[in-house]
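Dear colleague,

Please find below the structure that I am handing over to you. My notes on its content follow directly after it.

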Amino acid sequence: MTQTFELKPGEFTTRDENAARFGCGKFQGIEPAVEAKKVIVYSDPAAGEEFGYTFDGRAEDDEYGPLYLYTGYGKSGPQELKSRNKSLHDHAAAGRDVHLFVADGTMPDSDSKRQRYIGQMVVDPITPYVTRTGIGQDKKKRTVLVFRLRPAPGTTPVWKESDWLSPAAGTDLEEIKETPQPVIPAQTSVKTKTSEQHTTADTIANIPGGPKTVRRREGLLVEAFKKHLAAAGHEYKTFQITIAGEPGALTPDLYDATAHVLYEAKGLPTRINIRMAIGQLMDYRRHVEMLVKPGLRVAILLPSAPSADLKDLLASQGVYLVHQTQDGFAGFPLP
């Protein structure tokens with residue numbers, strides 16, 4: 001039977017108290033409480049740096065509202081979507097609530113770490129996690145899963161200034177060989193209206209801010225273009241770009257290493273999407289040319305051709321156009 005969660009956002013507790021209350025473990029960052037139908041998540045950005053957990057913290061809001069990033073389970077070696085990571089990823093399908101705590105000092109008259117309750121969260125149903133590159137406890141480079149957590153409907157999280165992501169110490173670029181295609185679960189704790197199939201371009205997901213039409217065309221478009229690049233014998237990857245003095249990381253959609261072309265994909269060939277893509281490409285290009293090599297070409301990837309005026313806009317900014325057709329992709333290879 002699901003137990004009532006008595007804590008209110010902003011209140012303090014300890015791992016021992018949560019373990020006694022919900023029957024979960026008390027030593028790991030992700031602690032499933034099977035009988036209580038909960039997943040308890042502990043975030044400790046300061047201590048996590050020892051294990052390469054440098055991505056934890058409150059990120060900038062996006063069109064869907066607040067976002068908290070949380071690095072998954074596994075101290076050394078590449079993290080995989082299994083064990084505790086799978087428990088968090090699949091919490092909605094298993095009917096479990098997620099509750100987020102952040103380490104905040106010690107309890108009075110005790111050496112126990114104090115856990116500040118942020119609130120009930122859900123794993124983002126659009127992009128549950130992203131992969132990042134970091135250093136593990138064994139001091140070796142590895143990929144980690146960075147989960148994207150959002151406040152559950154009806155929850156008002158209590159944040160502190162210290163919860164925000166720390167700015168990067170310097171500008172750096174890491175290669176990422178593969179990025180996961182966003183997968184929307186068949187069910188979420190906020191109840192999707194329709195089941196999602198990998199071949200479906202649209203879905204409706206109830207996420208903070210109300211029901212949103214989630215366009216998966218962009219993810220499907222990128223996956224199709226990867227196959228097109230591979231068939232042409234091109235090597236592709238992307239980058240993780242950290243900027244000195246800024247939190248988080250930039251991750252372009254796709255880099256064609258064979259042709260030295262950076263692509264930004266958009267799910268619809270609209271003016272607002274194309275204007276956004278131009279800005280993103282200009283931002284990425286500065287860093288890729290400085291940290292990889294000069295002479296980078298940039299291109300926008302679309303599911304269909306835009307209007308004549310938008311084609312002129314792209315040409316005027318030195319941005320190439322590649323769009324999907326019934327037979328493949330027009331505009332590839334670039335001239």
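Phe-101 is buried (under 20% relative accessible area, where over 50% is exposed and the range in between is partly exposed, with a 1.4 Å probe and protein chains only), its relative accessible area being 0%. Tyr-117 is likewise assigned to the buried class, at 3% relative accessibility. The ring centres of Phe-101 and Tyr-117 are 5.0 Å apart and their planes stand at 35°, so this pair is tilted. Rings of Phe, Tyr and Trp (its six-membered ring) pair if their centres lie within 6.5 Å; planes under 30 degrees apart count as stacked, over 60 as edge-to-face and the rest as tilted. Phe-101 belongs to strand β6 and Tyr-117 to strand β7 (residues 113-123), so the pair links parts that are 16 residues apart in sequence. Helices (H or I, at least four residues) and strands (E, at least two) are DSSP runs, numbered from the N terminus.

Please note that this is a predicted model, in which local features need pLDDT of at least 70 and side-chain atom pairs count only at pLDDT 80 or more, while totals for chains, interfaces and linings use all residues. Residues are numbered from 1 along each chain as its sequence is written, and side-chain values use heavy atoms, with hydrogens and water left out.

Other aromatic groups

The whole structure contains eight aromatic pairs. One of them joins Tyr-68 and Trp-159 in a stacked arrangement, with 5.9 Å from centre to centre and 10° between the planes. Tyr-68 is in strand β5 (residues 65-71) and Trp-159 is in the loop between β9 (141-151) and β10, so the pair connects parts that are 91 residues apart in sequence. Tyr-68 is buried, at 0% relative accessible area, whereas Trp-159 is partly exposed, at 22%.

Arg-15 lies over the face of Tyr-42, 4.0 Å from the ring centre, and Arg-297 over that of Tyr-320, at 5.7 Å.

Helices and sheet

The protein has six helices and 18 strands. In helix α1 (residues 15-22), the buried residues are Asn-18, Ala-19 and Phe-22. They span an arc of only 100° around the axis, which places them on the same side of α1; the arc is that of the directions from the helix axis to the C-beta atoms. Their cover includes β1 (12-13), β2 (30-33), β3 (38-43) and β6 (97-106).

Met-282 is located in helix α5 (residues 271-291) and is partly exposed, at 25% relative accessibility. Leaving aside residues up to four places away in sequence, Met-282 touches Val-298, Gln-317 and Val-319, contact meaning heavy atoms within 4.5 Å. The C-alpha atoms of Met-282 and Val-319 are separated by 9.3 Å.

An open sheet of mixed pairing comprises seven strands in the order β10-β13-β14-β15-β16-β17-β18. Its edge strands, each pairing on one side only, are β10 (172-176) and β18 (329-330). Two strands pair if DSSP finds at least two bridges between them. Strand β17 (residues 320-324) pairs with β18 in the antiparallel sense over two bridges, and Gln-324 has Phe-329 in β18 as its bridge partner.

Terms used:
Lys NZ or Arg CZ within 6 Å of the ring centre and 35° of its normal.
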